Amino acid sequence: MHRHLVRSTLVAGAALAVLAACGTQDEERTSGTRPTKAAVPAPHEKKTVQGLPGMPPVLDPKDVYAADRPNKLSPVVKGFPSRVYVPNTESDTVSVIDPKTYEIIETIPVGRQPQHVVPSWDLKTLWVNNNRGHTLTPIDPKTGKAGKEVEVHDPYNLYFTPNGKYAVVMASLDRELVFRDPHTMEIRKTVPVSCYGVNHADFSLDGRYFIVSCEFSGELLKVDTEKMKVVGQQRLPFEGAMPQDVKVSPDGKRFYIADMMAHGMWVLDGDRFTEPTLLPTGKGCHGLYVSRDSREMYVSNRGEGTISVFDFTRNKLTKKWDLPDGGSPDMGGVSADGKVLWLSGRYDAEVYAIDTRTGAQLARIPVGSGPHGLAVYPQPGRYSLGHTGIFR
């Protein structure tokens, strides 16, 4: 068994500061009388989050997704057309879908083996991760035009630190986390890792650490964001574990890690980084997407053609939706209004549009071969943490 390296010094309690609201005095004076003090109201405690330096303030300590409400678009993206960008790993293209008509309106040639389409931290660029081409292709979401490729080695996946200071390339086969300039992609620091297949990630409520899944060795990493250093590592307690997507709970207390071989989600205490527990969802559990009201999470079960719905408050699965005629639902995102879940059909060269109220399939759209990290864009939020769209 792999030795646990739980050495994190990040404690959630230290990330919260308690402020007391001050009472006010009534300074009004009347003729011939002395000023009197108004009754001082009882102080109200208001918790604030001491976030990563430079990170935009947390809007709601109880909901990290508070900025992601329906159609709450940043002024930066309000002129951008609504599109669904589908990287086809075996066709070396990106299919662009108009979500209103469910039709492909453009096919963009990119580098070898595009894995994910990733919104930049500043929301101005979409980066296509050409994994085997060792490049990133920038797409202007305002015009839909692709720019000049940027050389980046082994860019399986791409994230951004919450303060926008660095891009973080998940160099899966290189076994590295590579911190880069978020605009030029020049290397700032390379962090070798001992696990295999660094894959997906998500950040803590305060942005001070992030959890990384290692697909090929069944392990998890905990990384100090500011120090750019691995501070914890553990092997999942399941033989043959293959962790995939990672999402933090709205209150920041738990991380959920999809596992396509354990057929469920691991539930992890990120602060303590103790051994997680498994919540079965379905065969080939793969992608995790939070609803616009932060109440539910949609879980794609790629191996059985279903989507499970997890209720955060009730801490249980409440529904399971079957795709008509099956399928291989993989990665994707939720529409800006929250009404449609878009998922790629990894092994079926298609994309699914699913009604988030009923689970009904709205459309099934043929695309290129091997569709993977589909991005719905634009989406609500102030900034992007990367992947197919993790917004805060």
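Biologist: Quick one to start: is Asp-355 buried or exposed?

Modeller: Asp-355 is buried, because its relative accessible area is 10% (buried is under 20%, exposed over 50%, partly exposed in between, with a 1.4 Å probe and protein chains only). Keep in mind that this is a predicted model, where local features need pLDDT of at least 70 and side-chain atom pairs 80 or more, while totals for chains, interfaces and linings use all residues. Residues are numbered from 1 along each chain as its sequence is written, and side-chain values use heavy atoms, without hydrogens or water.

Biologist: Got it. Which residue does Asp-355 form a salt bridge with?

Modeller: Arg-357 is the partner of Asp-355, and their closest N and O atoms are 3.4 Å apart (a salt bridge is a side-chain nitrogen of Lys or Arg within 4 Å of a carboxyl oxygen of Asp or Glu).

Biologist: Which residues do salt bridges with shared partners join into one network?

Modeller: Glu-90, Asp-92 and Arg-112 are joined that way.

Biologist: You mentioned Arg-112. How far apart are the closest N and O atoms of Arg-112 and Glu-90?

Modeller: Those atoms of Arg-112 and Glu-90 are 3.7 Å apart, and the two residues form a salt bridge. Arg-112 is in the loop between strand E5 (103–109) and strand E6 (114–119), whereas Glu-90 is in the loop between strand E3 (83–88) and strand E4 (93–98), so their pairing ties together parts that are 22 residues apart in sequence. Strands (E) are DSSP runs of at least two residues, numbered from the N terminus.

Biologist: What is the accessibility of those two?

Modeller: Arg-112 is partly exposed at 36% relative accessibility, and Glu-90 is also partly exposed, at 47%.

Biologist: Now Lys-247. Which residue's side chain meets Lys-247 in a salt bridge?

Modeller: That is Asp-245, with an N to O distance of 3.5 Å. Lys-247 is buried, with 5% relative accessible area, and Asp-245 counts as buried at 0%.

Biologist: Changing topic: where does Leu-173 lie?

Modeller: You'll find Leu-173 in the loop between strand E12 (167–171) and strand E13 (176–180).

Biologist: Is Leu-173 buried or exposed, then?

Modeller: Leu-173 is exposed, because its relative accessibility is 55%.

Key: Helix = DSSP H or I, 4+ residues; strand = E, 2+ residues; numbered from the N terminus.
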